[in-house]
Amino acid sequence: MQTRCVSIVALLACAGAGGVANAQVVDGTRDASYGAPIVVQSVQTQFGDASPPGNVGGSELDAAYARVSGGRLYIMLTGNHEPNFNKLDIFIDSRAGGENTLTSTPQYDFNGFGSWLSQNMGGMTFDTGFNPDFHMLSRWGNANGAYEVDFIDRAGGGSVMVPGSSGSSPNAVGLVASGQISAGNVSLNASATALSQDLFFAINNNNAAGVTGGTGPADQAAAAAVTTGMEFSIALADLGAFVDGDVIRIAAMINNGDHNYLSNQVLGGLPGGQGNLGGDGAGGFIGNLSGVNFNNYAGLQYFEIVVPTPGAAMVFGLGGVLAMGRRRRA
């Protein structure tokens with residue numbers, strides 16, 4: 001299995017905040033509490049570059065940040081989300097089980113024309129060791145409209161109707177919007193709610209820097225400097241039961257509106273020179289994502305956040321290596 005070092009600075013920032021009870025403001029702007037990025041984009045965007053200021057015609061994922069505080073997981077993805085109903089797909093591996101290869105069985109994300117778009121993801125395979133349990137997706141159809149988020153417990157992928165919840169923000173003002181999915185909400189065609197506590201989300205789409213358009217290696221310094229994008233806050237209790245040192249693994253990617261043509265904007269990043277993955281893994285459209293297998297690309301296309309026990313002491317081993325306790329992996 002491939003391995004990737006998680007930023008020690010990010011872990012320190014995360015663990016040091018583990019006992020903080022006050023809620024962090026979720027507004028789509030990265031604050032200092034996130035610390036250093038866990039992973040920075042490695043390739044330019046082939047889904048449009050949102051620059052200069054005021055141009056919303058592109059999507060990019062510049063860097064990923066995450067922290068645990070007050071019993072909640074905070075995720076910050078800097079970059080842009082084009083308001084054309086393209087999807088930001090976030091997969092979360094946080095408990096035993098999950099799907100390394102997605103099935104096409106669960107039915108959610110209705111297109112209004114008789115189709116469940118989730119089924120187009122069937123056959124997509126993640127890196128070995130990444131077995132997501134949850135799928136969080138966002139859509140934004142108009143720069144002046146509402147920003148929408150769905151949170152789905154895929155329940156192993158074997159059921160047609162799975163637990164799901166959805167919510168939308170008020171209309172965006174100045175390319176900024178925030179909202180929540182209320183606890184107990186049941187989304188369309190869901191078998192039950194996926195949330196026992198409110199989920200908060202926001203977008204600030206004013207970034208005009210970061211990666212540029214193309215397929216070459218990304219300017220990682222520019223990507224790491226971006227401070228705005230998409231932000232989420234989820235109760236840990238809705239992701240599983242955790243002990244000190246457990247790892248939550250996350251994969252984020254920009255997809256088209258039908259979930260069947262994947263961009264090259266993935267975190268963890270793809271190799272420099274990689275264009276859009278499409279549905280066949282090489283940029284071709286086949287109507288689904290069955291040809292995408294992340295094991296075929298160098299590196300890991302996910303990132304990790306360690307869950308600390310509130311107030312847990314930090315232990316450094318030989319050579320200054322950070323010891324965070326055991327890491328559970330199904």
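**Cores, rings and charges inside the chain**

Leaving aside its neighbours within four places in sequence, L77 touches L61, A63, A64, L88, I90, T228, G229, M230, A252, L267 and F303, where contact means heavy atoms within 4.5 Å. This picture comes from a predicted model, in which local features need pLDDT of at least 70, side-chain atom pairs count only at pLDDT 80 or more, and totals for chains, interfaces and linings use all residues. Residues are numbered from 1 along each chain as its sequence is written, and side-chain values use heavy atoms, with hydrogens and water left out.

L77 also belongs to the largest nonpolar core, a set of 42 residues in which L73, L77, Y147 and F151 have the most contacts. A nonpolar core is here a set of buried Ala, Val, Leu, Ile, Met, Phe, Trp, Tyr and Cys residues joined through side-chain atoms within 4.5 Å. Buried means under 20% relative accessible area, exposed means over 50%, and partly exposed lies in between (1.4 Å probe, protein chains only). A second, separate core has 22 residues, M124, L137, L262 and L300 among them.

Aromatic rings come next. The structure holds 10 aromatic pairs; rings of Phe, Tyr and Trp (its six-membered ring) pair if their centres lie within 6.5 Å, and planes under 30 degrees apart count as stacked, over 60 as edge-to-face and the rest as tilted. F126 and F294 make a stacked pair, with 6.0 Å centre to centre and 25 degrees between the planes. Because F126 lies in the loop between β4 (87-93) and β5 (134-140) and F294 in the loop between β12 (262-267) and β13 (303-307), this pair ties together parts that are 168 residues apart in sequence. Strands (E, at least two residues) and helices (H or I, at least four) are DSSP runs, numbered from the N terminus. F126 and F294 are both buried.

The rings of F130 and Y302 are stacked as well, since their centres are 5.2 Å apart and their planes stand at 20 degrees. This pair, too, links distant parts of the chain, with F130 in the loop between β4 and β5 and Y302 in the loop between β12 and β13, 172 residues apart. F130 is buried, with a relative accessible area of 1%, and Y302 is buried at 2%. One aromatic cluster brings together F91, F126, F130, F294, Y297 and Y302.

A ring can also meet a charge. The charged end of R67 sits over the ring of Y74, 5.9 Å from its centre; the criterion is NZ of Lys or CZ of Arg within 6 Å of the ring centre and within 35 degrees of the ring normal.

Charged side chains pair with one another in eight salt bridges, each a side-chain nitrogen of Lys or Arg within 4 Å of a carboxyl oxygen of Asp or Glu. In one of them, K87 meets D109 (2.7 Å, N to O). K87 lies in strand β4 and D109 in the loop between β4 and β5, so the pair ties together parts that are 22 residues apart in sequence. K87 and D109 are both buried.

R154 forms a salt bridge with E99, their closest N and O atoms being 2.7 Å apart. This pair links R154 in the loop between β6 (147-153) and β7 (164-168) to E99 in the loop between β4 and β5, 55 residues apart. Both R154 and E99 are buried.

Between R139 and D150, the closest N and O atoms of the salt bridge are 2.6 Å apart. R139 is in strand β5 and D150 in strand β6, 11 residues apart, and both are buried. Salt bridges that share partners join K87, D109, R139, E148 and D150 into one network.
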